[in-house]
Amino acid sequence: MKDTVTPSTLSAQDAAVLLHELLEMAEAMIGAGAEVNRVEDTLTRMGVAYGAARMDVLVITTSVVVTLLLPDGQQLTQTRISLETLEGSQTEAAAATSQIT
């Protein structure tokens, strides 16, 4: 059984895994219709609970950007772009434009 990750033992490798899982969670929450503020708050709280010194989270309906600052000063950033949501938005915009003209 793997040792429990605590704030004092959060390594850069563990943080990278955490960051990936947070992005997976964000994508699932957005897909389920969660509000952008709820997704940002949830990711921030979970990152800090797992030992991040600071979390910067930006969520819009088509992408999520998360920066995790480790207690030792290292910073990790990942971005997730939802192509499915982006393509759906473009289709809706094209349909709305065609109705206007």
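Which residues does Ser-63 touch, not counting residues up to four places away in sequence? In this predicted model, local features need pLDDT of at least 70 and side-chain atom pairs count only at pLDDT 80 or more, whereas totals for chains, interfaces and linings use all residues. Residues are numbered from 1 along each chain as its sequence is written, and side-chain values use heavy atoms, with hydrogens and water left out.

The protein chain contains three helices and three strands, arranged from the N terminus in the order α-α-β-β-β-α. Helices (H or I, at least four residues) and strands (E, at least two) are DSSP runs, numbered from the N terminus. Of the 101 residues, 27% count as buried, that is, under 20% relative accessible area with a 1.4 Å probe, protein chains only.

Ser-63 is found in strand E2 (residues 63-69) and is buried, with a relative accessible area of 18%. Beyond the excluded sequence neighbours, Ser-63 touches Leu-58, Arg-80 and Ile-81, contact meaning heavy atoms within 4.5 Å.

Helix H1 (residues 12-31) packs with helix H2 (residues 36-49) at an angle of about 155°, their axes lying 10 Å apart. Axes are lines fitted to C-alpha atoms, for helices over the stretch in contact, and angles run from 0 to 180 degrees between N-to-C directions. H1 and H2 are therefore roughly antiparallel to each other, a term applied to angles over 145 degrees. In their contact, Leu-18, Leu-22, Met-25, Ala-26, Met-29 and Ile-30 of H1 meet Arg-38, Val-39, Thr-42, Leu-43, Met-46 and Gly-47 of H2.

Conventions. Angles under 35 degrees count as roughly parallel, over 145 as roughly antiparallel, 65 to 115 as roughly perpendicular and the rest as oblique. Buried means under 20% relative accessible area, exposed over 50%, partly exposed in between (1.4 Å probe, protein chains only).
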